[in-house]
Amino acid sequence: MSVFKNPYFFIPVLLFAGNQVLEKGFGIFVPFVHAYLDDLLAIPVILGITLQIYRWIHPLRQNFRFKKEHIFVAFLYVSVVFEVFLPWYSDQYIRDFWDILCYGLGAIIFYFKINR
């Protein structure tokens, strides 16, 4: 199945887009959603798009899957960039342990529901 047809991929994409429209378009911020929804959806969206691109170009096509190690590296990369480097570099970013937990939950959702 195409990643783009997987409800565990396209529902997070729609949630992310809807949240961005509310925040950027209408200035509506729901505190808990504003703080953690994008972090929860980041890994499924990023790796979902990446997985689909790999399936278009890789010889295994629809049988291509990311290994656990690949997903862990993506989780680690996003966590370090957004929770270590960017807060160190700019005051616009804030370190938050809960964000890392959300990235981890998103990685687990990706592994079990999208990466199949």
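Leucine 105 is partly exposed, at a relative accessible area of 41%; here buried means under 20% relative accessible area, exposed over 50%, and partly exposed in between, using a 1.4 Å probe and protein chains only. Leucine 105 sits in helix 4, where helices (H or I, at least four residues) and strands (E, at least two) are DSSP runs numbered from the N terminus. This is a predicted model, so to speak: local features need pLDDT of at least 70, side-chain atom pairs count only at pLDDT 80 or more, and totals for chains, interfaces and linings use all residues. Residues are numbered from 1 along each chain as its sequence is written, and side-chain values use heavy atoms, leaving out hydrogens and water.

Leu105 also belongs to a nonpolar surface patch with Phe97, Trp98, Leu101, Ile108 and Phe112, which together have about 660 Å² of accessible area. Patch members have over 30% relative accessible area and no salt bridge, with nonpolar side chains (Val, Leu, Ile, Met, Phe, Trp, Tyr) joined within 5 Å and like charges within 9 Å. A salt bridge is a side-chain nitrogen of Lys or Arg within 4 Å of a carboxyl oxygen of Asp or Glu. Areas come from Shrake-Rupley with a 1.4 Å probe, and for residues only the protein chains shown count as cover.

Now the overall picture. The protein has four helices and zero strands, and of its 116 residues, 35% count as buried. The C-alpha trace spans about 45 × 30 × 20 Å along its principal axes.

On to the inside. The largest nonpolar core has 16 residues, and Leu47, Leu51, Phe66 and Phe110 have the most contacts within it. Helix 2 (31–57), helix 3 (68–89) and helix 4 (97–114) each supply at least two of the core residues. A core like this is a set of buried Ala, Val, Leu, Ile, Met, Phe, Trp, Tyr and Cys residues joined through side-chain atoms within 4.5 Å.

| Pair | Centres | Planes | Type |
|---|---|---|---|
| Tyr54–Phe66 | 5.7 Å | 75° | edge-to-face |
| Phe66–Phe110 | 6.1 Å | 45° | tilted |

Phenylalanine 66 lies in the loop between helix 2 and helix 3 and phenylalanine 110 in helix 4, so their pair ties together parts 44 residues apart in sequence. Both are buried, whereas tyrosine 54 is partly exposed at 36%.

Technical notes:
Phe/Tyr/Trp six-rings, centres within 6.5 Å; stacked < 30°, edge-to-face > 60°.
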